[in-house]
Amino acid sequence: MKRALMLGSTVAIAMIIAASPIRVSAKTSDTAEITTLEQRLIDGIKTKDAKQIMSCYSDDVFAYDVVPPREYIGAAAFQKPWQGFLDLFKGPINAEVNDLVINSDGKIAYSRSIQRVSGTTNDGKPFDSTFRITDVYRKSQGKWVIVQEHISEPPHAARW
């Protein structure tokens, strides 16, 4: 009797596990589409094209940024710090994405990456900063857009 009960319990647990949705890290197509989105954003930085950058975000984006007021709600509000950032540079801007990790369930996705931006400011000073970026994406009308972003600067060893 114990053996039958144990076997029945094992089968029931196996059936529950088999029926549960299994989350894959990210579908290949999602990863490729989001990687392309991130590259479009980086290309927008390099060409100082705020419109291209903002095309990567949803209209209702929520963002934490490294510049005051630090919290932005909506694309119109978030475009202002982007434009201000682009306007800081005299010449070309170098930008790159590193360590991009994407997870998706097909409708919602998130990523983390390290992004480096460098160039020369309008007053001739070198600018070279590294940022930690966490993005949340939503697939809307067949297209991935960033709906939430958190930008932070890593702590500098000199501070510790």
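**A glutamate in a strand**

I began with Glu149, which lies in strand β6, residues 143–152. Helices (H or I, at least four residues) and strands (E, at least two) are DSSP runs, numbered from the N terminus. I noted that this is a predicted model, where local features need pLDDT of at least 70, side-chain atom pairs count only at pLDDT 80 or more, and totals for chains, interfaces and linings use all residues. Residues are numbered from 1 along each chain as its sequence is written, and side-chain values use heavy atoms, without hydrogens and water.

Is Glu149 buried or exposed? I found Glu149 buried, that is, under 20% relative accessible area with a 1.4 Å probe, protein chains only. Glu149 has no salt bridge, meaning a side-chain nitrogen of Lys or Arg within 4 Å of a carboxyl oxygen of Asp or Glu. The nearest side chain of opposite charge is Arg40, 12 Å away; Lys and Arg count as positive, Asp and Glu as negative, and His and the chain ends are not counted.

Next I checked contacts (heavy atoms within 4.5 Å). Beyond four places in sequence, the partners of Glu149 include Tyr57, Phe62 and Ile133.

**The strands beside it**

I saw that 7 of the 10 residues of β6 are buried. Strands pair if DSSP finds at least two bridges between them. β1 (residues 57–64) runs parallel to β6 with 4 bridges, and Phe62 has Gln148 as its bridge partner. β5 (residues 126–140) runs antiparallel to β6 with 9 bridges. β5 and β6 form a hairpin with 2 residues between them.

Definitions and conventions: Buried < 20%, exposed > 50% of the residue type's maximum accessible area, 1.4 Å probe, protein only.
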